[in-house]
Amino acid sequence: MSNAHDRDESTAAQRVQAALADGDVHSGEALARASGVSRAAVWKAVERLRELGHEIDAVPGRGYRATMPHAPLSARAIRDYACVSPAIELSVHQELDSTNAQLRRDPPAGGTAGVCFAERQTAGRGRLGRDWASPPGGLYFSVSWPYRHLERGPAGLSLAVGICLAERLHALGVRGVGVKWPNDLWHEDAKLAGILVELEGDPTGACRVIVGVGINWRMGDEWRERLGRPVVGVTELRAGLDRNQVAGAAAAAVLQACDSVPHGIETLLRDRWPYHDVLSGRSVRVELPGRTVTGIARGVDADGALCVATAEGMQRLLSGDVSVRPSA
Ligand code: BTN
């Protein structure tokens, strides 16, 4: 298949996806009209979308209906919603292995910042070497941000990203979202989003960070079961949101957090972290290489380290995998 032909089919699929985004039943003819393509192209587009993981029902005698509908991402719409400076590259890919991997392979030209979204990831990566599953509809993106130096390392950056994301989501009406140290957004102990911060280069000199964010959009029963832990999607917390608007707000949040780092994030952590900290006062278990720490979470210090009150005294933890222990 030629590239141009492939591009046309991809555009047709995006248009059909957009026309199905309301979740109503649409006849093949209506979809053809709305998408500016032939009936045969609509049929192909539906097949292509199904291959990409979209659930589309054929309703006998009536047409097609997307059972988990979502509008396609648009680089222009995200850029507008995020008010991204023209100096910052922003791209939307239909499929990538991982948006973090993409920005590592292909950094923004001229050492500037860049943002990369993917509708689908085939090898999404999570923290601590885990995989990150990417159900259709989720928002998957990474930001590459250059620093002249980053002497204190990127330790507090995932917290700053979490705070900025929670606040931007709140502004869109997605309420009750907090940050679980060091890299999750939670709503009532269910995971809404994950953050992966990777450093490229030596932090004592010119270096850059790649901040990857995955936000659940709509978690059907099948995905809930597959993931085997409590998860929640944006649409369950606030119905009717424009997916591109949420994508724009999320990208703006990460850019804002990255920009705040050279000015010091102590103030941000001191003044804003307490409002977002979902662990504070709770009994936690922290898995570290070779040891486990249990105690009561007592916020973070100026470096973003988690403070845990244990039987042996207060411990400062710079990394680790935290779980909340059921209250007695
Ligand atoms: C975690 O919770 O472990 C962090 C998950 C981070 C997932 C995002 S999705 C976009 C970006 N690309 C990746 O491969 N990972 C991050």
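A polar contact here is a pair of N or O atoms within 3.5 Å. I keep that cut-off at hand for these entries on a predicted model.

**Entry 1**
I started with Ser98: an N or O atom of its side chain lies 2.8 Å from a ligand oxygen, so the pair falls inside the cut-off. Next I looked up Lys191, where a side-chain N or O atom is 2.6 Å from an oxygen of the ligand. For Thr99 I noted 3.1 Å between a side-chain N or O atom and a ligand nitrogen. Then I checked how much of the ligand is covered: alone it exposes 410 Å², and the protein buries 97% of that.

**Entry 2: the shell**
I found 20 residues around the ligand, with Ser98, Gln121, Arg125, Arg127 and Lys191 the closest. By type, I have 11 polar, 5 nonpolar and 4 charged residues in this shell. Which elements supply at least two residues each? I wrote down helix H5 (99–105) and strands S5 (139–147), S8 (190–200) and S9 (207–215). S8 gives the most, 4 residues.

**Entry 3: the pocket**
I asked where the ligand sits, and the space it takes turns out to be the largest pocket. I noted a volume of about 670 Å³ for this pocket. Its lining has 37 residues, and nearest the centre I found Arg130, Trp132, Asp184, Lys191 and Arg229. Elements giving two or more residues to the lining include strand S7 (184–187) and strand S14 (321–324). S8 has the largest share of the lining, with 5 residues. My tally for the lining reads 14 nonpolar, 12 polar and 11 charged.

Notes. Residues numbered from 1 in each chain as written. Predicted model: local features only at pLDDT ≥ 70, side-chain atom pairs only at ≥ 80, totals over all residues. Heavy atoms only, no water. Near = heavy atom within 4 Å. Polar contact = N/O pair within 3.5 Å; in protein donor to acceptor, adjacent residues only side chain to side chain. Areas by Shrake-Rupley, 256 points an atom, 1.4 Å probe, with all protein chains shown as cover. 1 Å grid on protein atoms, 1.4 Å probe; cavity = no way out; pocket = protein on both sides within 12 Å on 5 of 7 lines; lining within 4 Å. Sits in = over half its atoms within 2 Å of the grid points. Nonpolar A, V, L, I, M, F, W, Y, C, P; charged D, E, K, R; others polar. Points joined across faces, edges and corners; volume = space filled by probe spheres on them.
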